[in-house]
Amino acid sequence: MSNWQVPGYLQQVDGRLHMDGIDVSSLAKRYGTPLFVFSEKRIRHNVAQVQEAFHNSHVQTRIFYASKANSNLAVLQILRSTGIDIEVNSGGELYKALQAGFQPDQIIFNGVAKTEDEIAEAIRNRIFSLNVDSATELQRVLKVSQALGMPARVKLRMVPEIRTGSHGGLQTGTHESKFGISENELLDCYREVLANSVNFTLVGLHMHIGSQTPDARKYKTALEVLLTRAADLHAQTGFLVPYINIGGGIPVPYLKPDNEAHGLTAELFGILSASTPPSEIANFTVGQLGQNGFWESLGGETQVLRNSLQQMGVLVEPGRYIAADTAVLLAEVQNSKVRPGSNDAWLMIDAGFNTLLEAFDYNWYFHAIHASNEGKSLRPFKLAGPLCDSGDEFLDSERLDRLPNYRMLSEGAKVGDLLAFLDTGAYTLEQMSQYNGQRRAAAVMIRLSGEVQVIRKRDSYEDLLSHDLPLET
């Protein structure tokens, strides 16, 4: 058995890829490619893993799914049915969350550039909280609240100054990133909220150190900073926040034990292979709150938090972990060539950065396998998408060793073969584009019953013009 296989979920049977017992080649023939194939069973499994990890504590913990990872309506409906809550990052995601059936008190609204209209939508809907990102934004929320004559429930997003060792674009917990309120402004914002109790209800403090963090101990360090700040703010104002929000970022092991990434830098290898389970992150966060040694190491004003834990709640915002490994992307080989001299063999497929953007803008690795007729003999291939860009290649076009240059696939790979990219359930549907007049891919969901349902229609040619307007004559 190949090391990427997950018994009972994702397996090769007679050389063909099966998901939840279904040969995905049959789905490609029925629905065309590129095609995302999702598993309801796997979505529910991942949620259960997070719930078990964070609810196994004497501290009340609520799980808010980070919908930026995947806000497809069908996915959100499944997640709502599991009983978890949701975090949104725009008015559009707020709208989708409500359409999926989430109640307003299940919704957190993040974001660094909320418009006044989005702030108003959040306040009108009486959502659980707006996570305020700056002193400037706090004044905008105050202005909108006064205009509406309705109070805003807010949490203050602080900067914990934690470097995680993850990809630069995924680190959100330092002053060098665009996120959060700096320590020198936090007390003033805290006092401002408390002084305007007609317009604000202070729900808590929030932080997020980033995604795909290879060292789980960073979460413990961040929690220590968050609790220390909460205690200091209480000491200076007399008000103790009812919730602390520790963000998300549970990693997903994109690299497989039999991958081709041996040439990657040690840093990137660590990021892409990070596999800390939710239980370990829960242990480094909510699990610490019941340990005497943890509180003794913090000391000072934090004892007031310890004494109030039964009244306080902890919030967590996982996204990537819940969605990523719930889907594969199927793509068909449309062209092949062998270069003289280098003897490099190329396979051109019908999915490029218009379909799998993170592979290119973040130099992200998605494990590729043969989905149809996997052979025992493998050889290295270079993979490329259909777009008219030399950057549309599944390798590091700048030759900086951030991605492997070759993928090990069946030696006899040819036009018409079906390839599958694993772990493509997060940050994929959300990022697709119509560049080069490409129609955005369809997506299907394998239900618990085994029924297959379309959850996203493939674009038509008419869809390419749906937002264009002709010149008036």
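**View 1. Histidine 18 stands opposite aspartate 23 in β3.** The model is predicted: local features need pLDDT of at least 70, side-chain atom pairs count only at pLDDT 80 or more, and totals for chains, interfaces and linings use all residues. Residues are numbered from 1 along each chain as its sequence is written, and side-chain values use heavy atoms, with hydrogens and water left out. Strand β2 (residues 16-19) and β3 pair in the antiparallel sense over two bridges. Strands pair if DSSP finds at least two bridges between them. Strands (E, at least two residues) and helices (H or I, at least four) are DSSP runs, numbered from the N terminus. The open sheet has three strands in the order β1-β2-β3, with antiparallel pairing. Its edge strands are β1 (10-13) and β3 (22-23), each pairing on one side only.

**View 2. Eight strands form a closed barrel.** The order is β5-β6-β7-β8-β9-β10-β11-β12, and the pairing is parallel. From one strand to the next, the twist averages 30 degrees. Strands β6 (residues 85-88) and β7 (residues 107-109) pair in the parallel sense over three bridges. Glutamate 87 has isoleucine 108 in β7 as its bridge partner. Helix α2 (residues 40-55) packs on the sheet and touches β5 (60-66) and β12 (313-316). Its direction makes about 150 degrees with that of β5. Contact means heavy atoms within 4.5 Å. Angles run from 0 to 180 degrees between N-to-C directions, and axes are lines fitted to C-alpha atoms, for helices over the stretch in contact.

**View 3. Phenylalanine 64 and phenylalanine 128 form a tilted aromatic pair.** The structure holds ten aromatic pairs. In this one, the rings lie 5.6 Å centre to centre, with 35 degrees between the planes. Rings of Phe, Tyr and Trp (its six-membered ring) pair if their centres lie within 6.5 Å; planes under 30 degrees apart count as stacked, over 60 as edge-to-face and the rest as tilted. Phenylalanine 64 lies in strand β5 and phenylalanine 128 in the loop between α5 (116-124) and β8 (129-132), so the pair ties together parts that are 64 residues apart in sequence.

**View 4. Helices α7 and α8 cross in the right-handed sense.** A crossing is right-handed if the near helix is turned clockwise from the far one by less than a right angle, and left-handed if anticlockwise. The axes of α7 (residues 183-195) and α8 (residues 217-237) come within 11 Å and cross at roughly 50 degrees. The contact is made by Glu183, Leu186, Leu187, Tyr190, Arg191 and Leu194 of α7, with Arg229, Leu233, Gln236 and Thr237 of α8.
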